[in-house]
Protein chains: 2
Amino acid sequence: MLKLYYAADTCSLATHIVLEEAGADYSTVRIDFATSQQRSPDYLAVNPKARVPALVTDRGILTETPAMLVFVAQSFPAARLAPVDDAFAFAEVQAFNSYLCSTLHVAHAHRMRGHRWADDEAAIAAMQRKVPQSVGACYELIERDLLKGPWVMGEHYTICDPYLFTLAQWLEQDGIDPARIPRVVDHRRRVSERAAAGKAIARELA
Amino acid sequence: MLKLYYAADTCSLATHIVLEEAGADYSTVRIDFATSQQRSPDYLAVNPKARVPALVTDRGILTETPAMLVFVAQSFPAARLAPVDDAFAFAEVQAFNSYLCSTLHVAHAHRMRGHRWADDEAAIAAMQRKVPQSVGACYELIERDLLKGPWVMGEHYTICDPYLFTLAQWLEQDGIDPARIPRVVDHRRRVSERAAAGKAIARELA
């Protein structure tokens with residue numbers, strides 16, 4: 001059985017939702033960032049990166065959201081969550097998720113995790129000030145060029161959808177005016193109405 | 001035929017090497033960052049993100065290195081560059097490449113591209129000062145936990161190898177002491193000795 005290590009209000013929600021969408025048999029373990037549990041020896045033995053998510057499988061432990069999303073999609077092909085047998089269509093899915101992890105999520109992280117990239121407080125404050133612009137530019141690109149509609153990849157719901165939904169939880173806190181990105185906000189609402197998102201969120205809030 | 005848009009001394013080298021490893025029929029177009037060609041209208045029509053690499057295929061244009069590497073591997077299965085039919089082994093490949101794009105490459109980018117995340121010069125200088133530490137921590141994790149040896153994934157050379165090799169070109173400039181990461185440096189040398197790396201680098205330097 002799969003076991004997901006997650007923390008509340010983090011990108012691990014994306015994998016959590018996809019496990020629900022896939023109908024997977026899985027359990028969850030909550031990691032408490034407030035007490036820095038991600039840096040505890042027990043958790044570092046699971047994931048030496050001291051991050052969530054991590055997914056325990058019968059062959060070993062996986063990390064990194066884009067990899068885990070594809071793993072779940074590929075392990076539960078009946079759910080049709082990624083076109084893994086069509087190299088081009090699959091690459092489009094992967095490109096979108098790669099943009100989320102390496103550009104959008106990174107831009108967002110400069111609001112709360114600036115200490116990763118600078119030590120002095122003035123620099124960290126300067127990073128925070130730019131988040132509305134840097135994150136906003138990512139959402140404008142998604143709104144204009146990347147989100148095909150109704151789902152990210154068009155007619156088919158894929159692993160891209162819960163991942164975008166998860167990051168889009170934070171856009172107001174990042175200082176983005178939702179009115180500038182109506183298609184992203186409408187997409188977020190439609191993912192929130194799916195049973196899988198509801199179940200994953202309810203479990204994380206419980 | 002595939003067409004790769006690349007720029008010298010960027011992560012596009014990874015895809016360039018993988019195209020060589022795969023024996024692909026492809027052409028290249030050099031984008032000149034010195035004249036900001038990546039922001040020209042012609043290039044923005046190829047890739048609205050104003051970044052390299054981009055890969056023109058007969059079905060459309062792909063971006064994002066992790067996606068492109070898998071696309072090439074999947075399109076040329078005889079080269080056996082990624083275990084796409086083994087969900088767990090493939091996820092390990094993907095997790096490594098995702099770490100490179102979203103953590104290592106991002107840490108590195110704070111040396112030359114700090115303006116992405118802050119506007120004031122003092123903050124950009126503070127980011128630059130932390131690069132040896134933040135990039136160094138990534139390489140120590142790779143050295144200790146991720147690089148299985150002799151190749152990243154063990155006995156088989158995969159798309160992870162030219163990607164790590166490409167980013168490792170910059171480690172001295174990032175202020176990393178190569179003596180601290182002997183396995184990474186040895187890996188870099190062994191990739192550099194492969195014909196594919198030699199051909200791709202020679203073309204980019206020509």
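Reader: Hi! Is helix α3 (residues 65-75) of chain A largely enclosed by the rest of the structure or exposed, and why?

Author: Hello! This is a predicted model. In it, helix α3 of chain A is largely enclosed by the rest of the structure, because ten of its eleven residues are buried.

Reader: Which residues of α3(A) are buried?

Author: The buried ones include A:Pro66, A:Met68, A:Leu69, A:Val70, A:Phe71 and A:Gln74.

Reader: Over to chain B, then. How many residues of α1(B) are buried?

Author: Eleven of eleven, which leaves α1(B) mostly covered. Among them are B:His16, B:Glu20 and B:Glu21.

Reader: And what covers the buried residues of α1(B)?

Author: The cover includes three strands of chain B, β1 (2-6), β2 (26-30) and β3 (54-57). It also includes the helices α3 (65-75), α6 (160-168) and α8 (195-205) of that chain.

Reader: You mentioned B:Glu21. What does the side chain of B:Glu21 make a polar contact with?

Author: One partner is the side chain of B:Tyr157, at 2.6 Å. Another is the side chain of B:Arg194, at 3.0 Å. Leaving out residues up to four places away in sequence, B:Glu21 also touches B:Ala79, B:Leu81 and B:Ala196.

Reader: Nice. What follows α1(B)?

Author: B:Gly23 does, and its phi is positive, near 70 degrees.

Reader: Which residue other than glycine has a positive phi in chain A?

Author: A:Arg80 is one, with phi near 50 degrees. A:Arg80 sits in the loop between α3 and α4 (87-112) of chain A, and it is exposed, with a relative accessible area of 59%. In chain B, B:Ser36 also has a positive phi, of about 55 degrees, without being a glycine. B:Ser36 belongs to the loop between β2 and α2 (41-46) of chain B and is partly exposed, at 32% relative accessible area.

Reader: Changing topic: which residues touch the most other members of the largest nonpolar core?

Author: A:Tyr139, A:Ile142, B:Tyr139 and B:Ile142 do, in a core of 124 residues. Apart from that core lies another, of 14 residues, including A:Trp117 and A:Ala123.

Reader: How do α5(A) and α7(A) cross?

Author: The axes of α5 (residues 121-146) and α7 (residues 182-192) of chain A come within 8 Å and cross at roughly 85 degrees. The two helices are therefore roughly perpendicular to each other. A:Tyr139, A:Ile142 and A:Glu143 of α5(A) make the contact with A:Pro182, A:Arg183 and A:Val184 of α7(A).

Reader: Last one: what rotation superposes chain B on chain A?

Author: A rotation of 180 degrees, with 0.0 Å of shift along its axis and an RMSD of 0.0 Å. The two copies are thus related as by a two-fold rotation axis. They meet through the same surface, because 100% of the interface residues of chain B are also interface residues in chain A.

Methods:
Residues numbered from 1 in each chain as written. Chains lettered and ligands numbered in written order. Predicted model: local features only at pLDDT ≥ 70, side-chain atom pairs only at ≥ 80, totals over all residues. Heavy atoms only, no water. Least-squares fit on C-alpha atoms with pLDDT ≥ 70 in both. Contact = heavy atoms within 4.5 Å. Core = buried A, V, L, I, M, F, W, Y, C linked by side-chain atoms within 4.5 Å. Buried < 20%, exposed > 50% of the residue type's maximum accessible area, 1.4 Å probe, protein only. Polar contact = N/O pair within 3.5 Å; in protein donor to acceptor, adjacent residues only side chain to side chain. Axes fitted to C-alpha atoms, helices over the stretch in contact; angles between N-to-C directions. Helix = DSSP H or I, 4+ residues; strand = E, 2+ residues; numbered from the N terminus. Parallel < 35°, antiparallel > 145°, perpendicular 65-115°, else oblique.
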